[in-house]
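Morning, everyone. I have one structure to walk through today. Please have a look at it before I start.

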Amino acid sequence: RRVRASALGCVVPRFNLIVKVLECIVTVENVIQPNDDNIDSNRCRVAEVLVGDETACILAQLYDDDIDVATPGSTIQILNAKVILFKGFMRLVVDKWGGTGVEKEGKITTINTIITMGRDNNTTPILPTEVNRKRNLSSIEYENISY
């Protein structure tokens with residue numbers, strides 16, 4: 001299901017959205033050295049990316065190859081993402097079941113996608129031109145209430 005940034009919340013299980021990248025900060029970059037069990041060395045990267053559209057912006061967490069498409073000023077498509085509460089603040093997470101795509105010449109090219117649940121190929125996506133920085137969904141503190 002494709003949604004706008006202002007419609008994000010913890011009640012929607014998985015969704016797709018097209019956003020513009022504002023900032024990208026790599027927070028973790030580890031190189032796992034090879035040993036007897038692991039012949040190849042692996043890289044593990046985690047980045048916090050501020051993304052948004054005309055309605056709102058949110059802090060997203062991207063991993064490994066998804067970070068490469070998140071350059072500031074670019075428009076990306078986030079597929080099969082979810083929203084979590086991290087220390088009481090909303091965070092958009094693209095995990096191993098999600099993926100990203102990059103916009104080139106008005107078209108979205110999908111990169112590193114495993115599952116795209118609810119993907120709608122019949123409609124033309126609306127690419128965000130400006131981002132509403134005043135409505136940052138990650139700056140609002142939420143309380144997790146269990147009944």
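Predicted model: local features only at pLDDT ≥ 70, side-chain atom pairs only at ≥ 80, totals over all residues.

Let's start inside. Which residues have the most contacts within the largest nonpolar core? They are Leu-8, Phe-15, Val-51, Ile-78 and Leu-92, in a core of 26 residues. Five strands each supply at least two residues of this core: E1 (15-32), E2 (42-52), E3 (57-63), E4 (75-86) and E5 (89-93).

Now the charges. How many salt bridges does a search of the whole structure find? Four.

Begin with Asp-95 and Arg-14. Their closest N and O atoms are 3.0 Å apart. Asp-95 sits in the loop between E5 and strand E6 (99-104), and Arg-14 in the segment before E1, so this bridge ties together parts that are 81 residues apart in sequence. Buried or exposed? Both Asp-95 and Arg-14 are buried.

Next, Arg-45 and Asp-68. This salt bridge is 2.9 Å, N to O. Arg-45 belongs to strand E2 and Asp-68 to the loop between E3 and E4, so the pair links parts 23 residues apart in sequence. Arg-45 counts as buried because its relative accessibility is 10%, and the cut-off for buried is under 20%. Asp-68 is at 48%, so that side of the pair is partly exposed.

Then Glu-48 and Arg-91. Here the closest N and O atoms are 2.9 Å apart. Why does this pair tie together parts that are 43 residues apart in sequence? Because Glu-48 lies in strand E2 and Arg-91 in strand E5. Glu-48 is partly exposed, with a relative accessible area of 25%. Arg-91 is buried, at 10%.

Back to Asp-95 for a moment. Salt bridges with shared partners join Arg-14, Lys-82 and Asp-95 into one network.

Last, the surface. Leu-85, Ile-140 and Tyr-142 form a nonpolar patch there. Together they have about 220 Å² of accessible area. Tyr-142 is in the segment after strand E7 (107-111). Its relative accessibility is 32%, so Tyr-142 counts as partly exposed.

That's the tour. Over to you for comments.

Technical notes: Residues numbered from 1 in each chain as written. Heavy atoms only, no water. Patch = residues over 30% accessible without salt bridge, like charges linked within 9 Å, V, L, I, M, F, W, Y side chains within 5 Å. Areas by Shrake-Rupley, 256 points an atom, 1.4 Å probe, with all protein chains shown as cover. Salt bridge = Lys/Arg side-chain N within 4 Å of Asp/Glu carboxyl O. Helix = DSSP H or I, 4+ residues; strand = E, 2+ residues; numbered from the N terminus. Buried < 20%, exposed > 50% of the residue type's maximum accessible area, 1.4 Å probe, protein only. Core = buried A, V, L, I, M, F, W, Y, C linked by side-chain atoms within 4.5 Å.
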